[in-house]
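Me: Please take a close look at one part of this protein chain for me. I would like a plain account of that part, followed by how it sits in the rest.

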Amino acid sequence: MTKYIFILIALFIGGFLSIQGSINAHLSSYLKHPLQASLTNFLVGTVILIILNMILKPGLPSGAELRGIPWYLYLGGAIGAMFVTSVVLLIPRIGVATMLAASIAGQLIIASVIDHFGYFNVSEHPFTLSRA
């Protein structure tokens with residue numbers, strides 16, 4: 001039962017991507033450049049995360065902990081910036097549904113490869129026709 005609740009939460013959160021993309025694309029029409037909309041998006045997110053960290057007090061990682069992290073694990077932020085910026089640029093040109101459908105297709109293809117081979121320390125889940 002818990003698995004289905006998590007799936008519903010993921011579905012709900014996924015719906016917010018359509019809202020976020022639409023808002024960011026509209027935001028860019030008020031600014032001089034689409035990158036400013038992406039920057040604004042990340043600044044607001046950063047402020048919210050700072051507030052949450054102040055409230056929940058998880059502490060900050062030490063310098064040694066940060067230096068011990070493999071370099072490629074820091075690419076998540078770059079990928080996030082690339083995604084948000086591409087949404088801002090593409091939604092006005094191809095629409096929300098087309099942008100997100102193509103994005104979801106790309107996610108599913110790469111997710112299947114990651115699952116199949118167990119990349120990034122993810123448990124292996126071999127690709128089969130039933131999983132497809």
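Where do Phe-12 and Phe-16 lie, and how many residues apart are they?

Reply: Phe-12 and Phe-16 both lie in helix H1, which covers residues 2-28. They are four residues apart, about one turn of the helix. Helices here are DSSP runs of H or I with at least four residues, strands are runs of E with at least two, and both are numbered from the N terminus.

Before going further, note that this is a predicted model, in which local features need pLDDT of at least 70 and side-chain atom pairs count only at pLDDT 80 or more, while totals for chains, interfaces and linings use all residues. Residues are numbered from 1 along each chain as its sequence is written, and side-chain values use heavy atoms, with hydrogens and water left out.

Now the rings. Rings of Phe, Tyr and Trp (its six-membered ring) pair if their centres lie within 6.5 Å; planes under 30 degrees apart count as stacked, over 60 as edge-to-face and the rest as tilted. By this rule there are four aromatic pairs. In one of them, Phe-12 and Phe-16 sit edge-to-face, 5.0 Å from centre to centre and with 90 degrees between the planes.

How open are these two residues? Buried means under 20% relative accessible area, exposed means over 50%, and partly exposed is in between (1.4 Å probe, protein chains only). Phe-12 has a relative accessible area of 54% and is exposed. Phe-16, at 40%, is partly exposed. Another ring pair is made by Phe-117 and Tyr-119: the centres are 5.5 Å apart and the planes are at 25 degrees, so this pair is stacked. Phe-117 is partly exposed at 47%, and Tyr-119 is partly exposed at 40%. Elsewhere, ring pairs join Trp-71, Tyr-72 and Phe-120 into a cluster.

Tyr-30 has 65% relative accessibility and counts as exposed. Its C-alpha atom is 30 Å from that of Asn-53, which is 23 residues away along the chain.

Helix H2 itself holds Ser-38. This residue is buried, with a relative accessible area of 5%. The side chain of Ser-38 makes a polar contact of 2.8 Å with the side chain of Thr-85. A polar contact is a pair of N or O atoms within 3.5 Å; within protein, one must be able to donate a hydrogen and the other to accept it, and residues adjacent in sequence count only if both atoms are side-chain atoms. Leaving aside neighbours within four places in sequence, Ser-38 is in contact with Val-84, Thr-85 and Val-88.

Val-88 lies in helix H4 (residues 75-94) and is buried at 2% relative accessibility. Its contacts lead back to where we began: not counting residues up to four places away in sequence, Val-88 touches several residues, including Asn-24 and Ala-25. Val-88 and Asn-24 are 64 residues apart in sequence, yet 5.8 Å apart in space, C-alpha to C-alpha.

Toward the end of the chain there is one salt bridge, between the side chains of Arg-131 and Asp-115 (3.1 Å, N to O). The pair links distant parts of the chain, with Asp-115 in helix H5 (96-117) and Arg-131 in the segment after it, 16 residues apart. The rule asks for a side-chain nitrogen of Lys or Arg within 4 Å of a carboxyl oxygen of Asp or Glu. Arg-131 is partly exposed at 44%.

Finally, the whole chain. It has five helices and zero strands. Its radius of gyration is 18 Å, well over the 14 Å that the globule rule gives for 132 residues, so the chain is more spread out than a compact globule. That radius is taken over C-alpha atoms, and the globule rule is 2.2 Å times the number of residues to the power 0.38. Buried residues make up 13% of the 132 residues.

How values were computed:
Contact = heavy atoms within 4.5 Å.
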